[in-house]
Amino acid sequence: MQTIQEFCDAFMRWFSCASGGSLATSSSKNTAGPFFKVVSSSGMCEAKMGNVTLQVATGDITQETTDVIVNSSNEKFTLKTGVSKAILDAAGQAVEARCRTLGLEPNPGMIMTQPGNLKCKKVLHLVGQTDPVKINKVVKDALQMCIKNRYRSVSFPAIGTGQGNAQAKQVADSMFDAVIDVLSQNPSSSLTTIRIVIFQQTMLQDFSTSMQQRAVTDFSGASGGSMDTSSSKNYRSAGFPAVGDIPAHWDSMPPTTTCELFPIPAGTPEYNDVLTLFRATCNCSVIKIERIQNPGLWKSLQIKKEELEMRNGHQNNERRLFHGTTAPTIPIVNELGFNRSYAGKNPASYGNGSYFAVNASYSADDTYSKPNQNGEKFMYLCRVLVGDFTVGQSGMITPPAKGSSITEMFDSVVDNMSKPSMFVIFNDIQAYPEYLITFK
């Protein structure tokens with residue numbers, strides 16, 4: 001149950017090393033390419049190293065769309081238990097037969113096959129390990145193989161934590177060690193995204209809480225370290241201040257400007273992050289993605305976020321959700337944020353608040369993202385402070401009380417407690433329109 005918690009612990013230990021802080025383990029290394037900008041959201045822990053995004057997420061690795069999916073198997077590449085069984089079953093009989101054939105031939109401890117029915121370009125089958133030193137080596141070898149073949153993205157399982165019963169803490173250290181070593185030695189490699197996918201959905205809530213407790217918004221100035229400010233980016237010390245500062249990756253803005261949109265270049269890690277979330281459920285063609293920089297709204301969100309953390313006693317209060325919109329509304333939302341006073345314009349079955357969807361496919365419906373005269377549609381990817389929530393009802397103007405005290409209310413409401421597909425907030429500062437996606 002501690003898998004993602006341990007991975008996030010390792011994120012923070014590596015950050016401490018990179019920022020000049022002390023390190024909890026004597027085996028850790030001081031590298032030239034530190035992790036930075038650690039972000040924790042629903043079901044995911046993320047950091048960056050140079051131009052590479054490293055993500056740890058709960059999910060089904062057979063649904064990954066990265067260039068390469070890594071399969072942790074046995075010496076003959078025929079393992080049919082745990083995640084390996086899921087990968088082979090999803091890939092199909094042709095891939096399984098190819099593995100049996102290649103497993104009988106001389107090999108360096110890994111083989112590469114076609115994806116079969118999987119959505120990746122290749123499957124890299126390797127001999128799974130449970131010893132931390134061997135895990136480190138096999139991850140290095142896999143990453144070097146990806147770089148050699150100029151792949152841009154790869155998804156690993158949490159090697160050894162399933163059937164191997166390896167301790168998640170040691171696996172996290174070993175895998176991150178390998179990532180740092182390989183990326184430090186190959187600073188201009190083809191890789192842009194490295195994912196570690198953990199298939200434990202039933203424990204998502206516990207893992208998300210653990211991730212939030214061990215993550216900061218960005219590393220600029222967080223542990224006494226410094227960042228290079230010589231570029232055009234406006235890197236500012238953020239960490240987790242009381243009133244919230246602007247994110248380190250934002251572009252510079254004129255001091256008199258309250259809000260500005262910045263196009264995100266296609267193919268960059270930031271663009272790919274948003275695109276991946278969008279395309280997880282929506283196959284519409286994306287025309288452009290823009291970052292919305294509104295320091296006032298952002299700081300208001302951070303103030304509210306700190307308040308919820310103090311009041312709720314946990315840090316699992318923020319989610320990244322979608323909101324369909326129309327062209328005339330965009331300038332208003334960008335400048336002033338969301339306005340629950342417009343509730344009722346669209347169906348409001350769970351309360352008269354602002355609605356946000358878990359899946360982009362829901363917000364892509366013409367009811368919510370009405371096309372303009374050119375057929376273009378618009379959707380926000382938002383940071384929403386859902387906090388503690390309960391099921392909503394039609395006609396609600398505030399969330400219900402948690403108990404007998406009328407001042408202790410839930411922070412949002414949902415359509416379904418066991419598997420929410422939408423969240424409704426009744427306080428406008430609980431949502432920030434982070435990205436605007438234009439699509440058809």
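How many residues does helix α8 have, and how far does α8 reach from its first C-alpha to its last? Helix α8 has 18 residues and reaches 25 Å between those two atoms, close to the 26 Å expected at 1.5 Å a residue; the expected span is 1.5 Å times one less than the number of residues. The model is predicted: local features need pLDDT of at least 70, side-chain atom pairs count only at pLDDT 80 or more, and totals for chains, interfaces and linings use all residues. Residues are numbered from 1 along each chain as its sequence is written, and side-chain values use heavy atoms, with hydrogens and water left out.

**Overall features and confidence**

- The chain contains ten helices and 17 strands; helices (H or I, at least four residues) and strands (E, at least two) are DSSP runs, numbered from the N terminus.
- Of the 440 residues of the chain, 54% count as buried, where buried means under 20% relative accessible area, exposed over 50%, and partly exposed in between (1.4 Å probe, protein chains only).
- Among contacts (heavy atoms within 4.5 Å) between residues at least 6 apart in sequence, 71% join residues at least 24 apart.
- The average pLDDT, the predictor's confidence in each residue from 0 to 100, is 79 for the chain, and 77% of the residues score at least 70.
- Over residues 15-35 the pLDDT is below 50, and this stretch has 41 contacts in the model beyond near neighbours in sequence.
- Residues 202-244 also have a pLDDT under 50, with 111 contacts beyond four places in sequence.
- Where pLDDT is low, the predicted coordinates should not be read in detail.

- The buried residues of α8 are Pro295, Leu297, Trp298, Leu301, Gln302, Lys304, Lys305, Leu308, Glu309 and Asn312.
- Elements covering these buried residues of α8 include β10 (286-293), β11 (318-325), α9, β13 and β17.
- Gly313, which follows α8, has a positive phi near 75°.
- Helix α7 (residues 269-279) is largely enclosed by the rest of the structure, because eight of its eleven residues are buried.
- Those buried residues of α7 are Pro269, Glu270, Tyr271, Asn272, Asp273, Val274, Leu275 and Phe278.

**Aromatic pairs**

- Rings of Phe, Tyr and Trp (its six-membered ring) pair if their centres lie within 6.5 Å; planes under 30 degrees apart count as stacked, over 60 as edge-to-face and the rest as tilted.
- By this rule there are eight aromatic pairs.
- Trp298 and Tyr432 form an edge-to-face pair, because their ring centres are 5.3 Å apart and their planes stand at 85°.
- This pair links distant parts of the chain, with Trp298 in helix α8 (residues 295-312) and Tyr432 in strand β17 (residues 431-439), 134 residues apart; both residues are buried.
- Phe338 and Tyr380 are likewise edge-to-face, because their ring centres lie 5.8 Å apart and their planes are at 85°.
- Phe338 lies in the loop between α9 (330-336) and β12 (354-357) and Tyr380 in strand β13 (residues 377-385), so this pair ties together parts that are 42 residues apart in sequence; Phe338 and Tyr380 are buried.
- Trp250, Trp298 and Tyr432 are linked by ring pairs into a cluster.

**Nonpolar cores**

- A nonpolar core is a set of buried Ala, Val, Leu, Ile, Met, Phe, Trp, Tyr and Cys residues joined through side-chain atoms within 4.5 Å.
- In the largest core, of 36 residues, those touching the most other members are Val139, Leu143, Val154, Phe156, Ile159, Met175 and Ile194.
- Elements giving two or more residues to this core include α4 (132-148), β7 (153-157), α5 (168-185) and β8 (193-198), and α5 supplies the largest share, nine residues.
- Leu143 touches Val154, Phe156, Ala178, Val179, Val182, Leu191 and Ile194, not counting residues up to four places away in sequence.
- A second, separate core of 26 residues includes Ile292, Phe338, Cys382 and Val384.

**Individual residues**

- Most residues other than glycine have a negative phi.
- Phe77, although not a glycine, has a positive phi of about 60°; Phe77 sits in the loop between β4 and α2 (82-91) and is buried, with a relative accessible area of 1%.
- Arg150, also not a glycine, has a positive phi of about 60°; Arg150 is in the loop between α4 and β7 and is exposed, with a relative accessible area of 64%.
- Glu260, in strand β9 (residues 260-263), is partly exposed at a relative accessible area of 27%.
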